[in-house]
Amino acid sequence: MTSPYDAPMRIALDEARAAAEHGEVPVGAVIVDSHGALVTAAHNQKEQLGDPTAHAELLAIRAAAEAMGDWRLEGYTLVVTLEPCAMCAMAAVWARMDRIVYGAADLKAGAAWSLFNIPQDDRLNHRCELIDGVLGDEAASVLAAFFAERR
């Protein structure tokens, strides 16, 4: 089944592969506007930058806010290859993004269904729509191949 988010997810997957080439956990993220146009793309850079917060999602959100000239990213969608962690899920909420689309579930640290559902927590002042499983098998395969090489 195809999704309107397949094309941006393919870009995010390319970003994930770029991360792997640099020894980073292969996670890629893109932000698209309400028409599906690409705003920013990023991949994990924790090792490269020596920054534990340099997750693909945060780098993409920061770049989008700079490009748009506003920290409020209402009308924008975060598309990411792996279910966001608590830090990244909360960043999308703080940025007031419309939705989060992700590929593979993260059963160990996922905070957008698996362990928590931060983006849709009624106690917060903003909620994001969640769409999961977009090109999920391919996203999981990129991660599995990366970790298989390291074992």
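This is a predicted model: local features need pLDDT of at least 70, side-chain atom pairs count only at pLDDT 80 or more; totals for chains, interfaces and linings use all residues.

Modeller: Residues are numbered from 1 along each chain as its sequence is written, and side-chain values use heavy atoms, with hydrogens and water left out.

Helix α4 covers residues 86–94; helices (H or I, at least four residues) and strands (E, at least two) are DSSP runs, numbered from the N terminus. Within α4, the residues C88, A89, M90, A91, A92 and V93 are buried, where buried means under 20% relative accessible area, exposed over 50%, and partly exposed in between (1.4 Å probe, protein chains only). Those buried residues pack against α3, β3 and β4, so each of these three neighbours deserves a look, with contact meaning heavy atoms within 4.5 Å.

α4 and α3 (residues 56–68) pack at an angle of about 20°, and their axes are 9 Å apart. The axes are lines fitted to C-alpha atoms, for helices over the stretch in contact, and angles run from 0 to 180 degrees between N-to-C directions. The two helices are therefore roughly parallel to each other; that label is for angles under 35 degrees, with over 145 called roughly antiparallel, 65 to 115 roughly perpendicular and the rest oblique. On the α3 side the contact uses E57, L58 and I61, and on the α4 side M87, C88, A91 and A92. Sorted by class, this contact has six nonpolar residues, no polar ones and one charged. For these classes, Ala, Val, Leu, Ile, Met, Phe, Trp, Tyr, Cys and Pro count as nonpolar, Asp, Glu, Lys and Arg as charged, and the others, Gly among them, as polar.

The strand neighbours of α4, β3 and β4, belong to an open sheet of five strands, in the order β2-β1-β3-β4-β5 with mixed pairing; two strands pair if DSSP finds at least two bridges between them. At the edges stand β2 (38–43) and β5 (129–131), each with a single partner strand, so one side of each has no neighbour in the sheet. Ignoring direction, neighbouring strands of this sheet are turned by 15° against each other on average.

Strand β3 pairs with β4 (residues 99–104) in the parallel sense, over five bridges. Along this pair, T77 stands opposite R99 and V80 stands opposite Y102. Helix α3 also packs on the sheet, touching β1 (28–32), β2 and β3, and its direction makes about 145° with that of β2.

On its other pairing, β3 runs antiparallel to β1, joined by four bridges. A29 stands opposite V80 there, and L78 is the bridge partner of I31. β3 is mostly covered, with six of its six residues buried. β1 is also mostly covered, with five of five buried: G28, V30 and V32 point one way, while A29 and I31 point the other way.

β1 is in turn joined to β2 by five bridges, again antiparallel, and I31 stands opposite T40 in that strand. Five residues lie between the strands of this hairpin, and among them G36 takes a positive phi near 90°.

L82 lies in β3, which spans residues 77–82, and it counts as buried because its relative accessibility is 14%. Leaving out residues up to four places away in sequence, L82 touches V27, E57, Y102, A104, A105, D106 and L143. Of these, A104 is 22 residues from L82 in sequence, but their C-alpha atoms are 4.8 Å apart in space.
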